[in-house]
Amino acid sequence: METEFESRLRKTVEQVQARASIQTEKYDRGPVAIYMERAEDAFEIMRLVMDAPFPVGLTKNFHRYSNLFFSWRALAPFDKISGEFHIVHLAEAVVRGPQPSAFDPETSEVGKLIEEFRIFETHPVGGTGTYSALRFTHNQDSPEIWYFDIRQGPTRLHISYGDYLDVMLRTRGLYHWQYLFAEPDADNYGMRASLPYLRDGLEFLGREFPDDDLSDLRGRLDVRIRVAGERS
């Protein structure tokens, strides 16, 4: 039986696939970790690997997918608008440990930070050089969420894991939506360069899915556009 989040994810994909103006580029549900039916089972595996209790906030939107790919692209005249999400199981993200990085943790502060990342969502189909990761701290309520963009490096997001997955579904994985939850910063090149795309992308999603309330996301976008404009 599907978890509540798995059901919403499936329905979101079906909504996108039903739109004549959107082309699905890849959809692969991958295997389901049925041996981790409950969040508690996954957390026990993670606790053994990390030798530490896990934040209670990770129970929201628990899913059992080992790997799930979904990517889409709007058709002309909006064919520059696209999105993607590739989510992995929390336990697998922890067991895999740190991923290879061009930043040396022995000589780079950024490298030391990235070594603490546990990647839970990536974007390999679009080849954007981006991913999202957990960073576990002593805070037992919720781990930190970071967004890595090859153009910018790592950026801290002000959002919880469960809320991240909620917004991921609402935006259908629109590329770079994560910057809407980063601190407004005119010096963040990745954010600044993504703002025109996010403006067009949210407008497109609003037209295609009028039942969705995207006003909070538009408000966040407006703040970041204003901050970026103050720099110029």
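## Terms and basis

Buried means under 20% relative accessible area, exposed means over 50%, and partly exposed lies in between (1.4 Å probe, protein chains only). By that scale Asp-163 is partly exposed, with a relative accessible area of 33%.

This is a predicted model, in which local features need pLDDT of at least 70 and side-chain atom pairs count only at pLDDT 80 or more, while totals for chains, interfaces and linings use all residues. Residues are numbered from 1 along each chain as its sequence is written, and side-chain values use heavy atoms, with hydrogens and water left out.

## Fold and dimensions

The chain has 7 helices and 7 strands. Both are DSSP runs, numbered from the N terminus: helices are H or I with at least four residues, strands are E with at least two. In sequence order the pattern reads α-β-α-β-β-α-α-β-β-β-β-α-α-α. The chain is as compact as a globular protein of its length, because its radius of gyration of 18 Å is close to the 17 Å that the globule rule gives for 232 residues. That radius is taken over C-alpha atoms, and the rule is 2.2 Å times the number of residues to the power 0.38.

The C-alpha trace spans about 50 × 45 × 30 Å along its principal axes. Of the 232 residues, 49% are buried. Take the contacts (heavy atoms within 4.5 Å) with a separation of 6 or more: residues 24 or more positions apart account for 64% of them.

## Surface and charge

The accessible surface comes to about 11,200 Å², and carbon and sulfur atoms hold 52% of it. Areas come from the Shrake-Rupley method with a 1.4 Å probe; for residues, only the protein chains shown count as cover.

The chain carries 28 positive and 37 negative charges, and their mean positions are 4 Å apart. Lys and Arg count as positive, Asp and Glu as negative; His and the chain ends are not counted. Each charge is placed at NZ of Lys, CZ of Arg, CG of Asp or CD of Glu.

## Lys-26 in strand S1

Lys-26 sits in strand S1 (residues 22–28). Lys-26 is partly exposed, at 34% relative accessible area. Leaving out residues up to four places away in sequence, Lys-26 touches Phe-69, Phe-70, Ser-71 and Val-125. Met-50 is 24 residues from Lys-26 in sequence and 33 Å away in space, C-alpha to C-alpha.

## Salt bridges around Lys-60

A salt bridge is a side-chain nitrogen of Lys or Arg within 4 Å of a carboxyl oxygen of Asp or Glu. By this rule the count is 18. Asp-163 pairs with Lys-60, with the closest N and O atoms 2.5 Å apart. This pair links distant parts of the chain: Asp-163 is in helix H5 (residues 161–170), and Lys-60 is in the loop between helix H2 (39–50) and strand S2 (67–74), 103 residues apart.

Lys-60 also bridges to Asp-166, at 3.1 Å from N to O. Asp-166 too lies in helix H5, 106 residues from Lys-60. Lys-60 is partly exposed, with a relative accessible area of 37%. A network of salt bridges links Glu-4, Arg-8, Lys-60, Asp-163 and Asp-166.

## The Arg-172 to Asp-212 bridge

Arg-172 and Asp-212 meet through their side chains in a salt bridge of 2.4 Å, N to O. Arg-172 lies in the loop between H5 and helix H6 (189–208), and Asp-212 in the loop between H6 and helix H7 (215–231), so the pair ties together parts that are 40 residues apart in sequence. Arg-172 counts as buried, at 4% relative accessibility, whereas Asp-212 is partly exposed, at 27%.
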